[in-house]
Amino acid sequence: MTAPLALLDAASLYFRSFFALPESLTAPDGTPVNAVRGFADTLARILTDRRPERLVACLDADWRPQFRVDLLPSYKAHRVAEPGAAGGPDAEEVPDALSPQVPIILELLEAVGLATAEAAGYEADDVIGTLTARERANPVEVITGDRDLFQLVRTEPTPVSVIYVGKGWAKAEVLGPADIAARYGVPEEIAGPAYADMAALRGDPSDGLPGVAGIGEKTAAKLITEYGSLAALVEAARAERPALPLRTRTRINEAADYLLVAPDVVRVAADAPVTMSRPDDRVPAAVADRERVVELGRKWNLGGSVDRLLEALAR
């Protein structure tokens, strides 16, 4: 089988690295480097265990895109820093010790010769969604700790699976359409879109999505399975079809304004204006700038993490 295209949800991975490793891991100048070390180690494991032919680290150009806020003002509103806080009123609450580590991670990726991608006005999820939608050559492996990206699983035109690292790489789960269908009770043949519809109906407090009152995950999955899509379910409720219980019809109709916009908030974009850091996303046969990588390791006290990354790239 053709080796995969690995699409990394970079922010998800370095956030998890930051919280998994102690802040006592520092550079000589005292800068914490726990996220850098953890990210480099995760990247080495991805290269070694999954052996991708191509790899793109996907970045957030805008963690709270205006088009989603315009549709649903509550979208990620609770994550906005208080006015006057570092980063301003529209800044996400990123730990102070993490912020200075992100440029180091990006510099390391550039030095080893791995591609990054972002899209102005869009989240990393949208970059991943767009690159996935475009792919016609390689199977795709989306590597993330965010369940929102379960909506991307598919079998055609190239298979897409999600490697979910919510419990760390050692407990990573490889999930395709059959796995999402089995876990959430949605139809396998439409597992990706059905997951997105279920998520919109269920809601997600962590993203400021209220969902429909009284409808939890199991009920949402059952309704989407029965009606085939959120749009068909909403139409059934609007038409007062008796097959749909009165209480459920009432709840869905009461949430009509939310359900009108929720799909466009929940679904990742397939047409974001993605820009790449380099034209070739293939995993390089040789490190782009070994001296620079070694210097970054020395300057930031990255220790064995850089050695393991170099070893993984040499395989």
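**Figure 1. Charged and nonpolar residues line the largest cavity of this predicted model.** The lining divides into six nonpolar and seven charged residues, with no polar ones. About 120 Å³ of space lies inside the largest cavity. Two helices, α7 and α11 (256-266), each give at least two residues to the lining of the largest cavity. The count comes to one cavity of 30 Å³ or more. A probe the size of a water molecule, rolled over the atoms, shows where empty space is left.

**Figure 2. The second largest pocket holds about 430 Å³ of space.** The lining of this pocket counts 19 residues. Closest to the pocket centre are Gly-38, Asp-41, Thr-42, Arg-45 and Trp-169. Helices α1 (10-20), α2 (34-50) and α13 (304-314) each supply at least two lining residues. Helix α2 gives the largest share, six residues. By class, the pocket lining has seven nonpolar, six polar and six charged residues.

**Figure 3. Helices α6 and α7 pack at an angle of about 35°.** Two packed helices are described by the angle between their axes and the distance between the axes. Here α6 spans residues 177-184 and α7 spans residues 191-202. Their axes lie 9 Å apart. The crossing of α6 past α7 is left-handed. On the α6 side, the contact is made by Pro-177, Ile-180, Ala-181 and Tyr-184. On the α7 side, Ala-191, Tyr-195 and Met-198 meet them. Seven nonpolar residues make up this contact of α6 with α7, with no polar and no charged ones.

**Figure 4. Phe-67 and Tyr-122 form a tilted aromatic pair.** The count for the model comes to seven aromatic pairs, and the pair shown is Phe-67 with Tyr-122. The ring centres of Phe-67 and Tyr-122 are 5.4 Å apart, with 50° between the planes. Phe-67 lies in helix α3 (residues 66-71). Tyr-122 lies in the loop between β3 (115-119) and α5 (124-134). The two residues are 55 apart in sequence, so the pair ties together separate parts of the chain.

**Figure 5. A cis peptide bond joins Glu-156 to Pro-157.** Omega of this bond is near 0°. Pro-157 sits in the loop between β4 (140-144) and β5 (160-164).

**Figure 6. Lys-76 has a positive phi.** The value is near 55°, in a residue other than glycine. Lys-76 belongs to the loop between α3 and α4 (102-112).

Note on methods
Residues numbered from 1 in each chain as written. Predicted model: local features only at pLDDT ≥ 70, side-chain atom pairs only at ≥ 80, totals over all residues. Heavy atoms only, no water. Axes fitted to C-alpha atoms, helices over the stretch in contact; angles between N-to-C directions. Helix = DSSP H or I, 4+ residues; strand = E, 2+ residues; numbered from the N terminus. Left-handed = near helix turned anticlockwise from the far one by under 90°. Contact = heavy atoms within 4.5 Å. Nonpolar A, V, L, I, M, F, W, Y, C, P; charged D, E, K, R; others polar. 1 Å grid on protein atoms, 1.4 Å probe; cavity = no way out; pocket = protein on both sides within 12 Å on 5 of 7 lines; lining within 4 Å. Points joined across faces, edges and corners; volume = space filled by probe spheres on them. Phe/Tyr/Trp six-rings, centres within 6.5 Å; stacked < 30°, edge-to-face > 60°.
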